[in-house]
Amino acid sequence: MKKYIVETYYTCTFKTVHTLNNLDDAELSKIDQRTDGDVEVIDVKLNNRKTKKIGAKNDEKTGNTKLESAVTKGFSDHLKNSKKNQESSSTNLKIKNNSRFKMPDRRKGYIQKAQIGDHKVYLHTGEYDDGKIGEIFIDTNKEGELVKAMMNNFAIAISLGLQYGVPLEEYVDAFIDTKFEPSGNVNGNDRILSASSILDYVFRELAISYLGKEELAHTPSIASVKSNLIEDEDDKFLKIVKNITSKGFVRSNYEEKLVDLTDVRINLKTKN
């Protein structure tokens with residue numbers, strides 16, 4: 001019976017995860033002294049160059065392969081379990097991030113009527129409490145049942161995308177300058193004079209009203225451009241107006257839409 005002495009060296013790759021209350025330079029400078037981290041082994045390799053073996057050559061090979069297979073199997077199982085945990089946590093994270101932000105039951109918005117050629121288009125919008133758009137409805141006349149159903153379901157798809165977090169800019173970039181009939185001159189909209197299609201008109205209107213993209217308008221804005229910063233003391237009334245007014249309807253020009261009633265007097269006396 002023979003005895004073997006084996007000195008084996010392993011190369012380990014791992015990472016340490018720390019939870020920091022405050023992410024600043026002071027906490028990062030002390031990160032090496034923390035002992036509360038979770039260590040995760042990424043990979044383990046057998047370093048054959050630093051392994052010393054004593055014994056027969058055949059026994060060395062069999063022992064080495066058995067040892068290496070046992071080590072790799074154990075750590076591979078550990079890696080698979082860690083990967084499964086990471087995948088499950090990532091799926092849970094995706095579900096949380098991709099949650100739908102439903103519209104309030106009583107919401108703000110506006111209706112814009114316009115005429116493209118001989119076709120009338122009614123654009124309805126719905127807004128969240130902070131003024132962001134969350135839904136649209138498109139109604140047309142002189143269209144068949146198929147076209148009306150397609151436009152209605154298209155508006156529902158856009159509304160769902162907005163409520164799941166798709167930026168309005170993505171829709172604007174996708175549907176601006178699309179060309180199909182009806183197209184031509186636009187009547188009833190003070191900022192858009194022509195459109196290459198109904199979708200071009202709709203998303204051009206939404207971009208002007210909710211994104212402030214004046215480059216897509218055909219006429220300059222009547223209201224002067226002012227800062228959107230709100231001071232706590234001077235603009236408390238403006239805050240109230242923003243909370244109860246549709247952002248798309250006033251196109252963010254709240255101050256231009258206000259009516260000064262300081263000199264107006266109301267007689268509340270009743271007749272005898």
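Six bridges join strand β3 (residues 111-116) to strand β4 (residues 119-127), and the two run antiparallel. Strands here are DSSP runs of E with at least two residues, helices are runs of H or I with at least four, and both are numbered from the N terminus. Two strands pair if DSSP finds at least two bridges between them. This is a predicted model, where local features need pLDDT of at least 70, side-chain atom pairs count only at pLDDT 80 or more, and totals for chains, interfaces and linings use all residues. Residues are numbered from 1 along each chain as its sequence is written, and side-chain values use heavy atoms, with hydrogens and water left out.

Let's stay with β3. Its hairpin with β4 has two residues between the strands, and glycine 117 in the turn has a positive phi of about 65 degrees. Across from alanine 114 you will find valine 121 of β4. β3 also pairs with strand β6 (residues 184-187), again in the antiparallel sense, over two bridges; here isoleucine 116 stands opposite valine 186.

Now look at the two faces of β3. In a regular strand the side chains alternate between the two faces of the sheet. Gln112, Ala114 and Ile116 make up the covered face of β3, while Ile111, Lys113 and Gln115 make up the uncovered one.

Next comes the second largest pocket, which is lined by 16 residues, with Lys132, Ile133, Leu162, Val166 and Leu168 nearest its centre. Helices α3 (145-163), α4 (168-175) and α5 (198-211) are the elements that each give two or more residues to this lining.

Conventions:
1 Å grid on protein atoms, 1.4 Å probe; cavity = no way out; pocket = protein on both sides within 12 Å on 5 of 7 lines; lining within 4 Å. Buried < 20%, exposed > 50% of the residue type's maximum accessible area, 1.4 Å probe, protein only.
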